[in-house]
Amino acid sequence: MERDVIGWSGLAASLTFVLLAVALTGRHRLGLSRGIGVAVGRSLVQMAVVGTALVPIVDPDTPLLWSWAWVLAIVGFAAVTTARRAPAVPGLVWVALAANALVGATGLSVIFGLGILELSGRTLVPVAGMIIGNSMKAAVVGAARMAESVADHRPEIEAGLALGMTTRAASKRLVRSSLRTAISPQVEQTAALGIVFLPGAMTGLILAGAEPLEAVRTQLALMYVILAGVVMAATTTGLGTLARLTTPDARVLPLDRVA
Amino acid sequence: MSALFEFDDVSLRKQDMVVLDRVTVSIPGRGVTVVIGASGAGKSSLLRCCNRLEAPTGGIVRFHGEDLSTLPPLAHRRCVAMVFQAPTPFPGTVLDNLRAVTPDLDIDTGAELLARVGLDPAKLERSADSLSGGEAQRMVVARALTTDPEVLLADEATSALDATATTRLEELARTFAHGGMPVVWVTHDLHQMRRLADQLVVMRSGRVLWSGAGDDGEADAAIELALCDPPAVDDAYKPQQPIDRNAPDRNDNN
């Protein structure tokens, strides 16, 4: 089968749809036209840089070590991004780093250790990006929701602590709510897979000429790993955030900047 | 009798603000000790130090002579019940609330606890959210009693309640004190202080201005300073009136 490759003219054509989005936001005075322009511009530059940098990385002659270095960079950037979204949580970057590293290590172990995909630069970097990228989104929501919950429901938590409850027991309801908020979108996405949308990896493989069933198997394997990764990342980051906002002797730290 | 709580040169800083400034005071293990002061005087922080919701940044808080920082916090908090400004019912029924830290609590004991705080035991199966503010606060007191505490700490516990509910909670505090369970009661309300206080701790700007039985002129001067400068929250403040614990307006909420 001949591969369908989007050329520069095709990319430019896709931007006409963005013009429609800008016109729509302008018509309703949403104040997002500039933001959309910046986002499109940044994505063009970032993807051009990443694409160019990936060429030597995924080259079969390049040592795999460089791909692993790229994966480490993904883990680091994901941790910094998560920490930035909940700046009031002290030391969140270390929690997020541990969460992303955990998800990356277990996810990649499953994908490559069980032989689901063959380990190479061409597979390692994009698979790591998909797993950690999705986990990062859940980690951001988990950390931010947990921080907001602790700030908003401090009296409820302290009422429990004052009775002699542990921190986890006193914040059980809030932990459950925060983690469900962080994890539920990925559960919904997995449930709607193939019906509502065709995910990126599958679409990419089909566009690249792969058989649809082969693409489906690859996508499903990735989605299951991503689902597990999201749960691990949200749980680790959410509970880590709670631990960072409380003390070992079960006190809640001041949270003025969160509220 | 030795002091229940002793604050020895205790300081507390929060985000570069001095909340307690080298506080040295004793709280006896009997009667009702009222901690009075204007907003921001540090009285709630003093109370929170008593059950370790706050940890001093300087000095030592002792409980029965033992350094609080060396005691297991969760076990200590079960000895030192605390009720907050707004009622904090947990989701579920009243019985669920009473079982929050005592899951084996039987229905009869739950009913006895409700009766002890003046609530109809039939409310055990009611949703805690359906209680009025005063009922919810008394349920919170009943919930605090499930751990069989040695002392009750009340942090502006009537500020969200109407006059009737306030009177009932004050009567409950007096009942506890007469029954041998000391109460430490934080308020900015001078009338409430008169109705309740066996002992006083008068605070201003994170410091203790005066402490003791509160039946002399020094106490009056300290209260005047604590409540009037900055201006008192309580409009009905009468600085020239002496403290009279047996005043006939004990239940007067105006």
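**View 1. A:D249 counts as buried at 14% relative accessibility, in a model that is predicted.** Here, buried means under 20% relative accessible area, exposed means over 50%, and partly exposed covers what lies in between, with a 1.4 Å probe and protein chains only. A:D249 forms a salt bridge with B:R52, and the closest N and O atoms of the two are 3.0 Å apart. This pair crosses between chains, since A:D249 sits in the segment after helix 10 (212–245) of chain A, while B:R52 sits in the loop between helix 1 (43–50) and strand 4 (58–63) of chain B. B:R52 is buried as well, with a relative accessible area of 10%. A salt bridge is counted when a side-chain nitrogen of Lys or Arg lies within 4 Å of a carboxyl oxygen of Asp or Glu, and a search of the whole structure finds 15 of them over all chains. Helices (H or I, at least four residues) and strands (E, at least two) are DSSP runs, numbered from the N terminus.

Residues are numbered from 1 along each chain as its sequence is written, and chains are lettered from A and ligands numbered from 1 in the order in which they are written. Because the model is predicted, local features need pLDDT of at least 70 and side-chain atom pairs count only at pLDDT 80 or more, whereas totals for chains, interfaces and linings use all residues; side-chain values use heavy atoms, with hydrogens and water left out.

**View 2. Within chain B, B:D8 and B:R62 form a salt bridge.** The closest N and O atoms of this pair are 3.4 Å apart. B:D8 belongs to strand 1 (residues 3–14) of chain B and B:R62 to strand 4 of chain B, so that the pair links distant parts of the chain, 54 residues apart. B:D8 is partly exposed, with a relative accessible area of 33%, and B:R62 counts as partly exposed at 22%.

**View 3. The side chains of B:R174 and B:D198 meet in a salt bridge of 3.3 Å, N to O.** B:R174 lies in helix 6 (residues 163–178) of chain B and B:D198 in the loop between helix 7 (190–196) and strand 9 (199–204) of chain B, so the pair ties together parts that are 24 residues apart in sequence. Both B:R174 and B:D198 are buried. Elsewhere, salt bridges that share partners join A:R154, A:E158, B:K14, B:R48 and B:E54 into one network.

**View 4. The second largest pocket holds about 860 Å³ of space.** Of the 36 residues that line this pocket, the closest to its centre are B:K14, B:S44, B:S45, B:R48 and B:E54. On a 1 Å grid over the protein atoms alone, a pocket is an open set of points with protein on both sides within 12 Å along at least five of seven lines, a cavity is a set of points where a 1.4 Å probe fits but cannot get out, and lining residues have an atom within 4 Å of a point. Helix 1 of chain B gives the most to the lining of the second largest pocket, with 4 residues. By class, this lining has 14 nonpolar, 11 polar and 11 charged residues, where Ala, Val, Leu, Ile, Met, Phe, Trp, Tyr, Cys and Pro count as nonpolar, Asp, Glu, Lys and Arg as charged, and the others, Gly among them, as polar.

**View 5. The largest pocket holds about 2300 Å³ of space.** It is lined by 41 residues, of which A:M47, A:V50, A:L54, A:V125 and A:P126 lie nearest its centre. Helix 5 of chain A gives the most to the lining of the largest pocket, with 10 residues, and the lining divides by class into 26 nonpolar, 10 polar and 5 charged residues.

**View 6. The largest cavity has a volume of about 50 Å³.** The structure holds 3 cavities of 30 Å³ or more; a volume is the space filled by probe spheres set on the grid points, which are joined across faces, edges and corners. Among the residues that line the largest cavity are B:V83, B:L169, B:F176 and B:W185. The largest share of this lining, 4 residues, comes from helix 6 of chain B, and the lining residues divide into 10 nonpolar, no polar and no charged.
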